[in-house]
Amino acid sequence: MGFFDKVKDALTTSDKERATKAAKDAAEAKSDAATAATQAREKADKVAADAQQRADEAARKAEEAARKAADPSDSTTVEDAAKAKEDAVKADAEAAEKKAKAQEDAAEKTAKAEREAAEKKEAPEKKEAAAKKEAAAKKADEHRTVTVVSGDTLSGIAARHGVDWREMAKLNNLDNPDLIYPGQVFKIPHN
């Protein structure tokens, strides 16, 4: 979108339309944030469930090894039972670590989505303010104009508009303010 399109939109779009669009964008951003947060929580729950399942499996193997070690007819040794128990402890620790990491990732994604939603909400307001500022600056740069008619003098035109003739001569780059012609168009300085 070009500069003039932005100015036109800023001048022709009503406050109600801008407010409606901003509300729609904010609702969309909020929905996106909620979706991202939900997906992150689901992923965290899945990772935690997988890790817990592995820990449970390791604990089951440790119990089985301990039971076999207690049975004199079984050839499983006490060392095998201790190793199985150690594996179960490692699996529990790994499960807890993965669960914590998954929850941390979910929290980060949720925070990021909320930040993006807030930025989307602020963006239309910033654009609107910038467009109004540009339009005001453009309007401030515009000068009223007057066309010289027969019998006019620069000082007379300036007096009619309540400005100093020297300012008017300077604004219009006049080398000789006494020499003006009918049909010339002069800018009037701002008061």
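Residues are numbered from 1 along each chain as its sequence is written, and side-chain values use heavy atoms, with hydrogens and water left out. Because the model is predicted, local features need pLDDT of at least 70 and side-chain atom pairs count only at pLDDT 80 or more, whereas totals for chains, interfaces and linings use all residues.

The chain contains five helices and two strands, where helices (H or I, at least four residues) and strands (E, at least two) are DSSP runs numbered from the N terminus. Along the sequence these elements follow the pattern α-α-α-β-α-α-β. Of the 191 residues in the chain, 24% are buried. Here buried means under 20% relative accessible area, exposed means over 50%, and partly exposed lies in between (1.4 Å probe, protein chains only).

Strand β1 (residues 144–147) pairs with β2 in the antiparallel sense over four bridges; two strands pair if DSSP finds at least two bridges between them. Within this arrangement, Val185 of β2 is the bridge partner of Thr147. Val185 also belongs, with Lys187, to the uncovered face of β2, while Phe186 and Ile188 form the covered face.

The loop between α5 (165–171) and β2 (185–188) includes Asn173. This residue has a positive phi of about 55 degrees, although it is not a glycine. Asn173 is exposed, its relative accessible area being 65%.

Side chains of opposite charge can pair when their charged atoms come close. A salt bridge is defined as a side-chain nitrogen of Lys or Arg within 4 Å of a carboxyl oxygen of Asp or Glu, and by this rule the count comes to five. One of them joins Arg60 to Glu57, with the closest N and O atoms 2.3 Å apart. Both residues lie in helix α2 (residues 15–70), three residues apart, which is about one turn of the helix. Arg60 is partly exposed at 41% relative accessibility, and Glu57 is partly exposed at 34%.

Helix α3 (residues 78–141) holds Lys98 and Glu94, four residues apart, or about one turn of the helix. Their side chains meet in a salt bridge with an N to O distance of 3.5 Å. Lys98 is partly exposed, with a relative accessible area of 33%, as is Glu94, with 39%. The side chains of Asp105 and Lys101 also meet in a salt bridge, at 3.7 Å from N to O. Asp105 and Lys101 are four residues apart in helix α3, so about one helical turn separates them. Asp105 is partly exposed, at 30% relative accessible area.

A patch of positive charge on the surface gathers Lys43, Lys109, Lys112 and Arg115. Patches are made of residues with over 30% relative accessible area and no salt bridge, like charges being joined within 9 Å and nonpolar side chains (Val, Leu, Ile, Met, Phe, Trp, Tyr) within 5 Å. Lys and Arg count as positive and Asp and Glu as negative, while His and the chain ends are not counted. Helix α3 gives the most to the positive patch, with three residues. Arg115 lies in this helix.

Technical notes: Accessible areas come from the Shrake-Rupley method with a 1.4 Å probe; for residues, only the protein chains shown count as cover. The place of a charge is taken as NZ of Lys, CZ of Arg, CG of Asp or CD of Glu.
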